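This report sets out selected features of the structure shown below.

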2 protein chains.
Amino acid sequence: MNGAEILVKTAVESGVKLCFANAGTTELPIVAALDKIKGIRAVLGLFEGVCTGAADGYGRMTSTPAMALLHLGPGLANGIANLHNARRARSPVLTLIGEHATWHRQNDPPLAMDIEGLARAISPWVRTSLSPGTLSQDMAEAVRETALGRVSFLIAASDLQQAEMADAAVAGSPFAFDPVDGEAVERAARLLGGNRRTALILGGRALGERGLGEAARVRAAAGCDLLTDSFFPASMERGGPMPAVRRLPYFPESALDVLAPYTAAVLAGAHEPVTFFGYPGVPGRLLREGQERVSLCAGGQDEVAALRALADALDGPSAKGSGQDHSAAQHRPGLPSGRLTPEKVCLTLAALQPEGAIIVDEGLTTAFDYYGFSAGSPRHSLLTIAGGAIGYGMPCALGAALACPDRTVIDLQADGSALYTVQALWTEAREALPITTLICSNRSYRILEMELSRSGAGALGPAAKALTSLSPPAIDWVALGRGFGVASVAVDTVEGLAREMGRAFAEGGPHLIEMRL
Amino acid sequence: MNGAEILVKTAVESGVKLCFANAGTTELPIVAALDKIKGIRAVLGLFEGVCTGAADGYGRMTSTPAMALLHLGPGLANGIANLHNARRARSPVLTLIGEHATWHRQNDPPLAMDIEGLARAISPWVRTSLSPGTLSQDMAEAVRETALGRVSFLIAASDLQQAEMADAAVAGSPFAFDPVDGEAVERAARLLGGNRRTALILGGRALGERGLGEAARVRAAAGCDLLTDSFFPASMERGGPMPAVRRLPYFPESALDVLAPYTAAVLAGAHEPVTFFGYPGVPGRLLREGQERVSLCAGGQDEVAALRALADALDGPSAKGSGQDHSAAQHRPGLPSGRLTPEKVCLTLAALQPEGAIIVDEGLTTAFDYYGFSAGSPRHSLLTIAGGAIGYGMPCALGAALACPDRTVIDLQADGSALYTVQALWTEAREALPITTLICSNRSYRILEMELSRSGAGALGPAAKALTSLSPPAIDWVALGRGFGVASVAVDTVEGLAREMGRAFAEGGPHLIEMRL
C-alpha cells in the first residue's frame, strides 16, 4: 500500500464517501488510489470553486465531510472563496491538496506557492504531512476536525503519496462534542424565565431539524421569539411543521428595528449579529449596549444538546407538538400572473416548490421576498450564502443534490453570481442531478446599484455603469446552459415559469430556466 | 477630494490607464472616483480571475501596470491563481482591494478574511493603508513596485476611501533600475570568450525586442546558443527578423538532452531551469553540477542593460544586422489539409497568423508543436502560461488586446483550461476586441492522461477516467461562445479552420472557433 492509498483508506474508514476533485499531476497517486481503494465516489468539477462549493453543500446537508481534492496552490486559490463560505457556514469540509515532491519544493518550480499560507486564511487546522508514516494519522485528524464544523487542510507531497509502506495501520477519528456548559444554560434559563422580552437567536445546527425542535420547546415554555443570527443562515429547516423563525433583515436599519424591542437575547450556535458592511453613522453591532445577552455554547459544544438542556431547564413541553407555529399562516401563497417581477418570482417558487425541496438561495436582490412568502410552503431546507462570497449557489446545489439524491434541488440564482462558478452546470449534467436552476436575469449587479443609491452617489457615470451592468451584451443563459449540457429555456411570465418548473420537476435531471426580469 | 479620489488621481499621475474590476460595496467610492477623476478606463470582468489575468496580459505587453480592482478577501482569492501567473511572468500588476471600514473590521462580518495573508502568497509588497493621509504615498509606492516586474497589493478600507481630505497632495512614483553588476558582466564575458560551449539562457525582459537584440549581438560575438529558461516564457518576440531562441522542452528528459551538450550557461533575466514537476529518479534542476554558470543580473537590475553591457564587453556587432537568424529557415510552413490533428492545428496557425499577431498559447498538449512550426512566421509576440496555473489564456488575451488595440490577438486555448475563466469571453464581446479564440476541443485533461501513462499506472479505472475526461457530456463551445456574445463556429478540418480564421481576422471583433479534435 502506498501513501495515497493509506490516505484514501483512512478517509473511507472515517466515513468520507464523496470526493469533488480537480486534480493535477501532483495528485495523480490519489486519483489512482480512489480506484484501488473502494468507497469514495469521485466527481469532477471543471473549476475548483465548483469542487469546494459542492463540498460545502454536501457538508451542510449531511453534517459529514466530502473531500475536495485540489491541485497545489493555484487549485486551492481557485477554491478559497467557497471555502470561505463553508467556513462561515461551519460546514464540514475536508480539503486534500497535493504538493510538489519534498525534494523538489526547494527548486521553486513554476507552480510552487505558499499553500499553507493560503489555507490559513480559512482555517487554523492546516497540516503538511512530513512523512509517509504520519499520513493516516494526519488524515484521521483532518476528518475529525471537520466534525466541529470546520474546514481542514491536509497537504501531501507527491513523493509521500508514492511511497510504498510496509506497515500501513489505519488511524481512527473518534469525535465527541465538549460537554454542555451548565452554567451558561442556567444563565439563559434565568433570562428567559424573567419578564424580559427575549430573542432566542439561532445559528449553525440550531437551525436544523433537531435544533429547531428544541428551540420550539424553549419558545413554548418561555414565550421568546426565534430569530436567525444573520440574513444569511447557512442552512435551516422550514415550512410544514417546522417552527417559524424570523430572518434578520439585510440592511442594517431594518435589522436594528427588528432587534430593538428585545431587552435580552440568548444566542444558540449563533454569532452576535453584525451588519454585512460598515455604513457611516450606523452601528456595526446590531445588539445595543443595554440588551442583556447570554451565549448558550462555545466552539466545541453541541448547540442542539445545549438547547435541549435549556428546554429541559425551563420545563419545556415534549418536542412533539411544540414545533408547530400556530401563529403563522400555514398556507402557501397563490400563483400570481403576468410579467415576471422579483416579487412574482418569489411567489411562484413558494407556490410550486415540491415537498422536501432543497432551496439554495443565491437570488440576492431578486430573492429578498422569498423567505417571507415561503413560510407556509411544505417542509423544505433553505441554504443561503453564509460567507457572502458570490458564486456559492450552483456548486452548493450540486453538493446538496449528491448528498440527498431523492430530493429536488432548486437553485434560486442571481445572474451575476451565477457567472462566478457557472461550470457547475456541466457536473449537474454529467451526474444527471435533479437540480432546477432559476436564473434571476436582471443583467446587473443590482445590489451595487442599490448601494450606490444608498450612498447618495446620484446619477451613475460611465465607470459606475460599466462596473454594475451586465449588459450589453446580454448573456444568453439558454445558450450557456445548453453549452454545458443542461436542458435550458427562457421565460418572462409567471405562466411560463410555472409551466417550465412543473416540467423540470417532473422530468428530473438538471434544468435551467432563465427568468428574464 | 476624498480618499478614493486621491488614490485614483495618484494612479493616473503614475501612468495607470486601465482598471480591470469586479467591485463590491467596499470599493464603491473607488468606482465613483473613476468617474470623477479622468484618465483610467474601467473594464468589467465577470470573475476576478478574468480581471487579474487581463492585468497580467496588459502588463506583459506594455511593461506598465493595469489596476485590478477586487472586492475584499473573496474577490482577491478568486484572482490569486492568475496573480500567481503574473508573479511568475514578472508582470507589473497593481492590485487594489477594498476592505471593511476600519471600525467594522473587528466585528468580523461575514465577508471578512485575512486579505494580507492571502496577498502575501503572491508578493512581499502588501500594504494596508492606515490613514487617509498616507493613501497617495501608498498608491505611488505600489505603482513603483510594479516597475520591478512585481505584483503589488494595496488594501484600502472603505472609510478611508470615503474620508474627505483638505490637503490632497499627490505623491510621485519615480523609478530607476539598480545599476548593472559590472563584475557579473565580466564573469559572463570571460565564460563566453573562452572555448566552452555556452548557452545564453534568457528570461523576463531579455526575451523582449530590445533584450533579444542585445542577445543576438552576444551570440554574434561569442557563438553561443540562445535558449529560454523554461517551457513557459512569459512573453517573447519571435518570427520575422527576431533571432531564433530554442525553447526548453516540457518533459525533463528532453530538457536534459537539450542542455547536456553545454559546458557553461549564462543566465540573463532567467531562473536556473528546473523541471515543472518532480519525477522519481529525474533531477529537479536541469543544469548539472559540472556546468559552469553565471547570472548576469539580480532582482532590481535591468536585464536588457546587462545584456547590452555584455555585448559591448564582447565587442558584439551593432544591433542592426546581428538579429537575423540565418541558420533558421525563415519560411512559414505550408497549409496541411484534411481532418484536424494537434499537429495540423499548429501548422495551420503558423501558416496563417497575420504579421504582428499576439499569440497567447494555452494550448498545452495540442500546442506542443506550435513553437517549432512558427519559427519562420512573420514577426509576432508569444505569451505562455508562466506560472502554470491554468485559466490564464482568455484573460491574458483580453489584457493584451486592450494593451495593443491595433494588433490581432489569437488565443490558442486548451478546452479544460478555457473553462477556468471562460467568463472572459463576455468582456471580449463587450469591448469588441479583435481576439480569435481557437479552442483545442479534445474533451479531456490530456496532460493528465499523459502523466498517468508516464507513471506506468496502466489502464485507467473509473475514478481516473472521471477525473481526466471532459465528456460526457461534450461541451458545446459554439453555444458557450454565443451565450457570452462572441461569434462562434465549430470546425473539424484544416480547410474549415483556415476559412474561419480568415473570416475572423478580416471581420475583427471577437471570434471563437471550436476545433474538434
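In this predicted model, B:P405 is exposed, because 9 other C-beta atoms lie within 10 Å and a residue with 12 or fewer counts as exposed. B:P405 sits in the loop between α15 (393-403) and β14 of chain B. In sequence B:P405 and B:P434 are 29 residues apart, while their C-alpha atoms are 8.0 Å apart in space.

A:A432 is not a glycine, yet its phi is positive, about 50 degrees. Its place is the loop between α17 (424-430) and β15 (435-441) of chain A. A:A432 is partly exposed, with 13 other C-beta atoms within 10 Å. B:R90, also not a glycine, has a positive phi of about 50 degrees. B:R90 belongs to the loop between α4 (72-88) and β4 (93-99) of chain B. Is B:R90 buried or exposed? B:R90 counts as buried, because it has 22 C-beta neighbours inside 10 Å and 20 or more are required.

| Peptide bond | Omega | Loop |
|---|---|---|
| A:S471 to A:P472 | near -5 degrees | A:P472: between α19 (462-468) and α20 (477-483) of chain A |
| B:P472 to B:P473 | about -10 degrees | B:P473: between α19 (462-468) and α20 (477-483) of chain B |

**Helix α13 of chain B**

Helix α13(B) covers residues 342-352, and its axis comes within 10 Å of the axis of α21(B), residues 494-507. The two axes cross at roughly 35 degrees, and the crossing is right-handed. On the side of α13(B), the contact is made by B:K344, B:T348 and B:L352. On the side of α21(B), B:V494, B:L497, B:A498 and B:M501 take part. By class, the residues of this contact are five nonpolar, one polar and one charged.

An α-helix has 3.6 residues a turn, so residues three or four places apart point the same way.

α13(B) is largely enclosed by the rest of the structure, because eight of its eleven residues are buried. The buried residues are B:P342, B:K344, B:V345, B:C346, B:L347, B:T348, B:L349 and B:A350. They pack against α14 (370-373), β14 (409-414), β15 (435-441), α21 and β17 (511-516) of chain B.

**Helix α12 of chain A**

What does α12(A) pack against? This helix, residues 303-313 of chain A, has nine of its eleven residues buried, so it is largely enclosed by the rest of the structure. Buried in α12(A) are A:E303, A:V304, A:A305, A:A306, A:L307, A:R308, A:A309, A:L310 and A:A311. The partners of these buried residues are α9 (182-193), α10 (209-222) and β10 (264-268) of chain A. A:D315 follows α12(A) and has a positive phi, near 55 degrees.

**Chain A and its domains**

Chain A contains 21 helices and 17 strands. Its C-alpha trace spans about 65 × 60 × 45 Å along the principal axes. A compact globule of 517 residues would have a radius of gyration near 24 Å, and the 23 Å of chain A agrees with this. Of the 517 residues, 64% count as buried. Among the contacts in chain A with a separation of 6 or more, 80% come from residues 24 or more positions apart.

The chain is divided into domain 1 (3-162), domain 2 (182-313) and domain 3 (342-516). Between domain 2 and domain 3 of chain A, the C-alpha centres lie 28 Å apart. Each of these two domains gives 14 residues to the contact. The side of domain 2 that touches domain 3 has eight nonpolar, three polar and three charged residues.

**Contact between the chains**

How many residues of chain A are in contact with chain B? There are 78, and they meet 78 residues of chain B. On the side of chain A, helix α4 (residues 72-88) gives the most, with eight residues. By class, the side of chain A that touches chain B has 47 nonpolar, 22 polar and nine charged residues.

Note on methods
Residues are numbered from 1 along each chain as its sequence is written. Chains are lettered from A and ligands numbered from 1 in the order in which they are written. This is a predicted model: local features need pLDDT of at least 70, side-chain atom pairs count only at pLDDT 80 or more; totals for chains, interfaces and linings use all residues. Axes are lines fitted to C-alpha atoms, for helices over the stretch in contact, and angles run from 0 to 180 degrees between N-to-C directions. Helices (H or I, at least four residues) and strands (E, at least two) are DSSP runs, numbered from the N terminus. A crossing is left-handed if the near helix is turned anticlockwise from the far one by less than a right angle, and right-handed if clockwise. Two residues are in contact if their C-beta atoms, placed from the backbone, lie within 7 Å. Ala, Val, Leu, Ile, Met, Phe, Trp, Tyr, Cys and Pro count as nonpolar, Asp, Glu, Lys and Arg as charged, and the others, Gly among them, as polar. Domain bounds come from an automatic or database domain assignment. The radius of gyration is taken over C-alpha atoms; the globule rule is 2.2 Å times the number of residues to the power 0.38.
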